[in-house]
Amino acid sequence: MRRLYEKYKDVIPYLFFGVCTTLVNIIAYWLCAHPFGMDVVPSTVIAWVVAVLFAYLTNRKWVFHSEAKGSKEILIELVTFFGCRLATGVLDWLMMFVLVDCLHFNDVLIKVIANVVVIVLNYVASKLLIFRKKK
């Protein structure tokens, strides 16, 4: 049991905080769009920024236990995190556009597949690029 925990000790909190990040995104969107009466696109962008910032903070501390110290290292880590998330967000959009709008596959099925791809790529990017351990 201990070996199994050690093997997946990053994945479990990553999934937990992924669900929390999704909730943050939805709540931030709703607040912008409804009580504040903002349009859909600005509400979506603000919600994305808030959710990615939340994901960065939680991933940094509780998932990957970042060793970055000082403002320069943390800023590089933060910019890399946002950049990777932006890249996977564009990939999500491209998959939806090509596979749903152009090729007319089922939108819900493609959205689920796209999200799985994005989640895996975000984890790999976080583990290997953003929060990699110093040797």
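Me: Is Ile-130 buried or exposed?

Reply: Ile-130 is buried, since its relative accessible area is 8%; buried means under 20% of that area, exposed over 50% and partly exposed in between, with a 1.4 Å probe and protein chains only. The model is predicted, so to speak of a local feature requires pLDDT of at least 70 and a side-chain atom pair counts only at pLDDT 80 or more, while totals for chains, interfaces and linings use all residues. Residues are numbered from 1 along each chain as its sequence is written, and side-chain values use heavy atoms, without hydrogens and water.

Me: In which helix is Ile-130 found, and how many residues apart in sequence are Ile-130 and Val-49?

Reply: Ile-130 belongs to helix H5 (helices are DSSP runs of H or I with at least four residues, strands are runs of E with at least two, numbered from the N terminus). Ile-130 and Val-49 are 81 residues apart in sequence, and their C-alpha atoms lie 18 Å apart in space.

Me: How should I read the packing of H4 and H5, and at what angle do their axes cross?

Reply: Two packed helices are described by the angle between their axes and the distance between the axes. The axes of H4 and H5 come within 9 Å and cross at roughly 160 degrees (axes are fitted to C-alpha atoms, for helices over the stretch in contact, and angles run from 0 to 180 degrees between N-to-C directions). H4 and H5 are therefore roughly antiparallel to each other (over 145 degrees; under 35 is roughly parallel, 65 to 115 roughly perpendicular and the rest oblique). By class, the contact of H4 with H5 has 16 nonpolar, 4 polar and 5 charged residues (Ala, Val, Leu, Ile, Met, Phe, Trp, Tyr, Cys and Pro count as nonpolar, Asp, Glu, Lys and Arg as charged, the others, Gly among them, as polar).

Me: What is the angle for H2 and H3?

Reply: Helix H2 (residues 11-33) and helix H3 (residues 40-63) have axes that come within 8 Å and cross at roughly 155 degrees. H2 and H3 are therefore roughly antiparallel to each other. The contact of H2 with H3 has 19 nonpolar, 6 polar and no charged residues.

Me: What is the volume of the largest pocket, and which residues are the closest to its centre?

Reply: The largest pocket has a volume of about 940 Å³ (on a 1 Å grid over the protein atoms alone, a pocket is an open set of points with protein on both sides within 12 Å along at least five of seven lines, and lining residues have an atom within 4 Å of a point; the volume is the space filled by probe spheres set on the points, which are joined across faces, edges and corners). Of its 29 lining residues, the closest to the centre are Asn-25, Trp-48, Asp-92, Asn-115 and Val-118. H2 gives the most to this lining, with 9 residues. The lining has 16 nonpolar, 10 polar and 3 charged residues.

Me: Which residues line the second largest pocket?

Reply: Among the residues lining the second largest pocket are Glu-73, Ile-76, Leu-129, Ile-130 and Arg-132. This pocket has a volume of about 260 Å³. The largest share of its lining, 4 residues, comes from H4. By class, the lining has 5 nonpolar, 2 polar and 5 charged residues.

Me: Where is His-65 found, and where is His-104?

Reply: His-65 is in the loop between H3 and H4, and His-104 is in the loop between H4 and H5. Most residues other than glycine have a negative phi. His-65, however, has a positive phi of about 50 degrees, and phi of His-104 is near 65 degrees. At 45% relative accessibility His-65 counts as partly exposed, whereas His-104, at 64%, counts as exposed.

How values were computed
1 Å grid on protein atoms, 1.4 Å probe; cavity = no way out; pocket = protein on both sides within 12 Å on 5 of 7 lines; lining within 4 Å.
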